[in-house]
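I opened the model today and kept notes as I went. The entries below follow the order in which I looked things up.

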Amino acid sequence: MKKKRKISTADILIAFLLIVCGLMCLIPILNTVAISFSDKTSAAMGRVGLWPINFNVAGYRAILEEKQFFHSFFVSVRRVAAGTALNMSLTILMAYPLSKEPGKFRAKKYYMWIVIFLMMFNGGIVPNFILVKNLNLMDTIWALILPGAVPVFNVILLMNFFKGIPDSLEEAAVIDGANPLQILIKVFLPMSKAALATITLFCIVNHWNAFFDGKIYINSLEKLPLQTYIQSLVVDLNPEQMASMTPKQMSEQMQLSSLTFNSAKVVVSMLPILLIYPFLQKYFVTGIVMGAVKE
Amino acid sequence: MGNKYKKRNVTERYYHLMLLPGMAFLFLFHIVPLGGVVIAFQNFKPVKGIFGSQFVGLDNFRRLFYLPDFWQILENTLLIAVGKIGMGMLMAVVFAVLLNECRSTVLKRLVQTSVYLPHFLSWVILAVMFSNLLSYGGVVNRFLGLFGMEPQMFLVSNKWFRSIAVLGDVWKEFGYNAVVYVAAMTSIDPGLYEAAKIDGANRWDRIWHITIPSILPTIILMMTLNMGQIMNAGFDEIFNLYSPLVYETGDIIDTYVYRVGLTNMQYSFGTAVGLFKSVISFILLAGSYKLADKFAGYRIF
């Protein structure tokens, strides 16, 4: 039997506050989408709210004509693909031995100390920059992939997940004569699909959203990843720079940095995240709970 | 017996081999740069290299502490970080409680879907959105205009910048941060609420005497872990929102390190400032993990 309670004032208030929270998070996104479909003048005058004014797709058409945007988009795609593949291989290979009891893997604690120490302490950006420079990785996609090859936090997440897999499964495989690598691939990985999905999605999002490494390591325009490219267009335009421009440069820059055009770029650069968002939402709660609240 | 030992050694050899590639990357990209911090104690010149540059002891640090800007930057960093931690936790807990009290599953789903989204968007993108919204003629100013407020230049005003930085981060992360509290609430025994209701407790009493005490350990744990973040005001956000006009209130240690170390190429001084932050952060983090272990039995591994 299901009891039906009456809806009280408190219920309405709670629903209202929740709706406010929800809308608050969507409004900036909807506003940007609306601007991207509006005409330039209305956008520049700030007349666009949540619905486009004088609907048009000029911003998107301009993107289609801009080679640089596509270059950068595919640099980012390549980076996500290669970076995530490397992240995942290393994470899996590290998480498995580290999930073993100290009795089964005597050197574990030394590895653990190193990993934890590195998670808490770093040399800062300047030594990292000098290292990448000395390794001759400047201006290559490897500068965006190799320095972050081991996502330490994800290693710990997956390690904790592996710890929860019953020992009996491993023992059975040992009796069948499987070596640790075979056990990892044939026993542990198939049992960790949700955790692996979570971590893969985290890696994809991280690589897609990263802009700073592109800013300091990449000099050639055609190698810039998308977020760095957008950042350089929109955020870098400060008054000092504008003062030193010729009127022609200025008008070109204004053309480029028109709100409509920029908003269209932002919307397109958001699309991949929006596409994987349903999967993200399905899995990431497991990920956070796995990492944060555990005994 | 002997056979068993041999087997264990073979297994462990596999473990070492599996760790090798990852450890090699960690060595090259994390441990080698730690050696690079010696340039903080040098007058580093790229042409002379680390081994040829002049050793200057603590000069770079002395210079840092005498720099009036530095204390302003430290203050900005701490104020923004503490604001984010405090407001962020408060908002996340309040939101989690609201969600827990909501009886419509559909509404819950919809709201959750929208509040988690900003966490996954980059600050580059969000900065574009914010500058649209917060511009002089933007949506926010028009909305405030309805209440008779003068339009503000939010992002270039020293009066507003820190608040915007804090609110922006709270806005982006509160949904995501609420997840741990929501998870903690799912383990509350529904019988407790039923019993309280029979005893005549109203909704407010139930929140205050059942929900909050049940998630209190999680709240304390999160507070402790956040203590390690006091020096982190959030580089990505500040870097994408600030401009020279708001350096006075908005410049934080990380952005300062970037400007002096990489833009102005004062490698030694930049490294010194970065090292100062790293050391303090390390002490705070280690302390917070220790406390979390002691009081909440929390261990990262």
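**Entry 1: confidence**

I began with chain A, which averages a pLDDT of 86, with 87% of the residues scoring at least 70. I noted that pLDDT is the predictor's confidence in each residue, from 0 to 100. This is a predicted model, in which local features need pLDDT of at least 70 and side-chain atom pairs count only at pLDDT 80 or more, while totals for chains, interfaces and linings use all residues. Residues are numbered from 1 along each chain as its sequence is written, and chains are lettered from A and ligands numbered from 1 in the order in which they are written.

For chain B the mean pLDDT is 90, and 98% of its residues reach 70 or more. Its lowest helix is helix 2 (residues 49-52), at a mean of 82, and its highest is helix 4, at 95. For the complex, I wrote down an ipTM of 0.89 and a pTM of 0.89 from the predictor.

**Entry 2: chain A as a whole**

I counted secondary structure next: chain A has 16 helices and zero strands. Helices (H or I, at least four residues) and strands (E, at least two) are DSSP runs, numbered from the N terminus.

Of the 295 residues in chain A, 38% are buried. A residue is buried if 20 or more other C-beta atoms lie within 10 Å of its own, exposed if 12 or fewer, and partly exposed in between, with C-beta atoms placed from the backbone.

I also looked at contacts in chain A between residues at least 6 apart in sequence, and 69% of them join residues at least 24 apart. Two residues are in contact if their C-beta atoms, placed from the backbone, lie within 7 Å.

**Entry 3: domains**

Chain A is assigned domain 1 (1-56) and domain 2 (60-292); such bounds come from an automatic or database domain assignment. Eight residues of domain 1 of chain A are in contact with seven residues of domain 2 of chain A. On the domain 1 side, helix 1 of chain A gives the most, with four residues. By class, I found four nonpolar, three polar and one charged residues on that side. Here Ala, Val, Leu, Ile, Met, Phe, Trp, Tyr, Cys and Pro count as nonpolar, Asp, Glu, Lys and Arg as charged, and the others, Gly among them, as polar.

Chain B is divided into domain 1 (2-55) and domain 2 (59-296). I noted that the C-alpha centres of these two domains of chain B lie 34 Å apart. Their contact takes six residues from domain 1 of chain B and six residues from domain 2 of chain B.

**Entry 4: between the chains**

Which helix gives the most to the side of chain A that touches chain B? I first noted that 81 residues of chain A are in contact with 77 residues of chain B. The helix is helix 1 (residues 9-36) of chain A, with 17 residues. The residues on this side of chain A divide into 58 nonpolar, 18 polar and five charged.

**Entry 5: a helix pair in chain A**

Helix 8 (residues 152-163) and helix 11 (residues 193-209) of chain A pack at an angle of about 175°, with their axes 10 Å apart. Axes are lines fitted to C-alpha atoms, for helices over the stretch in contact, and angles run from 0 to 180 degrees between N-to-C directions. That makes the two helices of chain A roughly antiparallel. Helix 8 of chain A brings A:Asn154, A:Leu157, A:Leu158 and A:Phe161 to the contact, and helix 11 of chain A brings A:Ala195, A:Ile199 and A:Phe202. Angles under 35 degrees count as roughly parallel, over 145 as roughly antiparallel, 65 to 115 as roughly perpendicular and the rest as oblique.

**Entry 6: helix 13 of chain B**

I asked how many of the eleven residues of helix 13 (residues 253-263) of chain B are buried. Eight are, so helix 13 of chain B is largely enclosed by the rest of the structure. Among them are B:Tyr256, B:Val257 and B:Val260. The cover includes helix 6 (125-134) of chain A, together with helix 4 (68-101), helix 11 (235-241) and helix 14 (267-296) of chain B.
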